[in-house]
Amino acid sequence: GLNFIDLMVRQGNIDNPPKTPLVPGFECSGIVEALGDSVKGFEIGDRVMAFVNYNAWAEVVCTPVEFVYKIPNDMNFSEAAAFPMNFVTAYMMLFEVANLREGMSVLVHSAGGGVGQAVAQLCSTIPNVTVFGTASSFKHEAIKNSVTHLFDRNADYVQEVKRVSTDGVDIVLDCLCGENTGKGLSLLKPLGTYILYGSSNMVTGETKSFFSFAKSWWQVEKVNPIKLYEENKVIAGFSLLNLLFKQNRGGLIKGVMDKLLNLYNSKKIKPVVDSLWALEEVKEAMQRIHDRGNIGKLILDVEKAPTPLMANDSTETSEAGEEEEDHEGDNENKERMPFIQ
């Protein structure tokens, strides 16, 4: 699986980035080839998906058994590689942190991305939940049925939400950070929960720009604890990777995965795969995420041959930074896309 966190790792926009040489990647699916001496519950030949603390983008991956889960019979390997990070993140935020219940409302940014689509599907399992989503305008037709109200990501979504719900929303899921932090907090109802689970606005051009990095953080609303107390609002953060690999909550995540797999087997949720890419195409695949061109998850397939270049293909990574986001739809027709529809 290819995730936005992989772009942040590449640019060094995380705490304690790993030293090179490095094999990236945090989730994968495949077939069990070997077992540790004390491993129980799995056999060689089992179809599995797993969390990995780096090194997932490889033909052979080794990870502790607590991070490994059997793939349901009717789930293919691409869907399995798209499942763990997105759905566990979405489930934990909605149900463990924000306590989503019937009749609530949720605002999710990047509604067309992997986590956004997982959030929309999980919200649909609870009666009468209203989902507000922001996404690039060229994605609206494809995802309009997955959310209740869909807004252009460059529009003034605060006013758009308040036009529909004058009181705001119960839950805000923010993967953008920057100036959106203050906007999200302003939209919360009393007893509402704002959850920051990423900071994708820090990823701009191909190289890390200290100016753009500093600008993103400078735009972050300074949170006043007294104001939170007076307005009865909750602010939270969520990092699945830290929960798994630094805070030793693998047992908790296993319980969540069991619930998610039951929902999948009941045909209530299903991972959305945007496209498959060969390992040699990782640059272009990361650029597609960078340009926010994907609907659902991008998958690196070790068995896939590279797609031949088209005459008008552009593999150059933009240095335009934040300014290019206003034109992200322009990339739609000039990429070589091994799409799954």
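Biologist: Which residues in α3 meet which residues in α11?

Modeller: P84, F87, V88, Y91, M92 and E96 in α3 meet L252, I253, V256, M257, K259 and L260 in α11. Contact means heavy atoms within 4.5 Å. By class, this contact of α3 with α11 has ten nonpolar, no polar and two charged residues. Nonpolar covers Ala, Val, Leu, Ile, Met, Phe, Trp, Tyr, Cys and Pro; charged covers Asp, Glu, Lys and Arg; the others, Gly among them, are polar.

Biologist: What should I know about the model and its numbering?

Modeller: This is a predicted model, where local features need pLDDT of at least 70 and side-chain atom pairs count only at pLDDT 80 or more, while totals for chains, interfaces and linings use all residues. Numbering starts from 1 along each chain as its sequence is written, and side-chain values use heavy atoms, with hydrogens and water left out.

Biologist: At what angle do α3 and α11 pack?

Modeller: Two packed helices are described by the angle between their axes and the distance between the axes. Here α3 (residues 84-97) and α11 (residues 250-265) pack at about 100 degrees, with axes 10 Å apart. That makes α3 roughly perpendicular to α11 (65 to 115 degrees). Axes are lines fitted to C-alpha atoms, for helices over the stretch in contact, and angles run from 0 to 180 degrees between N-to-C directions. Helices (H or I, at least four residues) and strands (E, at least two) are DSSP runs, numbered from the N terminus.

Biologist: What is the strand order in the open sheet of three strands?

Modeller: Strands of a sheet pair through backbone hydrogen bonds, either parallel or antiparallel. This sheet has the order β1-β2-β3, with antiparallel pairing (at least two DSSP bridges between two strands). Its edge strands are β1 and β3 (68-70), and each pairs on one side only. Five bridges join β1 to β2. One case: G30 has V48 in β2 as its bridge partner. The helices return here. α3 lies across β1 and β2, at about 60 degrees to β2. α11 also packs on the sheet, touching β2 and β3, and its direction makes about 20 degrees with that of β3.

Biologist: Which strands stand at the edges of the sheet of six?

Modeller: The order is β6-β5-β4-β7-β8-β9, with parallel pairing. β6 (149-152) and β9 (234-237) stand at the edges with a single partner strand each, so one side of each has no neighbour in the sheet. The twist averages 15 degrees from one strand to the next. Inside the order, β4 (residues 105-108) and β5 (residues 130-135) pair over four bridges. L107 has F132 in β5 as its bridge partner. Helix α6 (residues 157-164) lies across β4, β5, β6 and β7 (169-174), running at about 155 degrees to β6.

Biologist: Which residues line the largest cavity?

Modeller: On a 1 Å grid over the protein atoms alone, a cavity is a set of points where a 1.4 Å probe fits but cannot get out; lining residues have an atom within 4 Å of a point. The lining is A82, N86, F87, G114, Q117, A118, Q121, K270, P271, V272, G296 and K297. About 40 Å³ of space lies inside, a volume being the space filled by probe spheres set on points joined across faces, edges and corners. α4 gives the most to the lining, with four residues. The classes are five nonpolar, five polar and two charged.

Conventions. Parallel < 35°, antiparallel > 145°, perpendicular 65-115°, else oblique. 1 Å grid on protein atoms, 1.4 Å probe; cavity = no way out; pocket = protein on both sides within 12 Å on 5 of 7 lines; lining within 4 Å.
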